[in-house]
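Please keep the structure open as you read.

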Amino acid sequence: MRIVCLAGGIGGARFLRGLKAACVEAAPEEPAEITVIGNTGDDITLFGLRVCPDLDTVMYTLGGGINEEQGWGRTGETFTVKEELAAYGMEPQWFGLGDRDFATHIIRTQMLAAGYPLSQVTEALCARWQPGVRLLPMTDDRVETHVVVEDEQGRRAIHFQEWWVRLRASIPARQIALVGADEASPAPGVLDAVREADFVILPPSNPVVSIGTILQIPGIRSALCEKTVVGVSPIIGGAPVRGMADACLTAIGVETSAQAVLELYGSDLVDGWLVAEEDKAVSLYGVAVEARPLLMDSPEATRDIAAAALTLARGLAS
């Protein structure tokens, strides 16, 4: 099997781990080729270093280096550098980079400064972690998600990370924009991977600032529309599975429901849609909808969800 997955951060990474297990269980003698197209809209420059949170979360999770409790950052992490920077009064202090994590960002920044594109840098970093998938950034071009908010300082645009991490999405977003998307191109290998895939799976990542940003890179959505695509709903019974996807959906005028997210993606893109049992009434013409337990509350449950997505995708692609 050749599978392409679009992925954001924690939810996408954990789903991918379940997908790898499901693929081994389905065909132990014939390893699946999984290509992950990772969101880079969350990327940010901090202390002169280029940080790619979603790419790193996938890499660490599948490579066995993630902090399992929080779902991001390194296991066994310390924060001496962060504390020293704070002692000097360096900002921002709301984004916690650990000492081990700093090493990844130093290497990435040095390679980017030497002229290597992000896709090659990511490949080099993955050589250490061996995630068992091919991890590609959605683009080598610099794009960043910014959020327009209105508070006592007036109407202004801030980086997505400030809205998400520092403010915890407590201020309503007036607009969410992927700056630089119009001029960006898919990273090398992205469109080829989609064309060669047997099918595509959309994990339960944030539909606005994870999956949605990837779909904004010119050429990616149109390529996906030519393939069999199965998505896993990130909404269960009107609430996000994890995180604050409801705040993002509200910002673009979309209801927080499995039905609304399916309609946001559209029947031109999605052929199959997995929903939670409480959302079994969801329907959209041209889309095969199946209901099943969707909480990724254990490795086994996550594997079973991924296996259901695999089964649905293989059936629709045949």
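The report below covers a helix, its surroundings and a sheet.

This is a predicted model, in which local features need pLDDT of at least 70, side-chain atom pairs count only at pLDDT 80 or more, and totals for chains, interfaces and linings use all residues. Residues are numbered from 1 along each chain as its sequence is written, and side-chain values use heavy atoms, with hydrogens and water left out.

Let us start with helix α5, residues 118-129. Helices (H or I, at least four residues) and strands (E, at least two) are DSSP runs, numbered from the N terminus. At 1.5 Å times one less than its number of residues, the 12 residues of α5 should span 16 Å, and the end C-alpha atoms are 17 Å apart, which agrees.

Buried residues (under 20% relative accessible area; exposed is over 50%, partly exposed in between, with a 1.4 Å probe and protein chains only) in α5 include Leu118, Val121, Leu125 and Trp129. Seen down the axis, the buried residues of α5 fall within an arc of 155 degrees (taken from the directions from the helix axis to the C-beta atoms), so they line one face of the helix. Glu123 and Arg128 are exposed on the face turned away from that buried side.

Strands pair if DSSP finds at least two bridges between them; four bridges join β2 to β5, and glycine 38 has proline 137 of β5 as its bridge partner.
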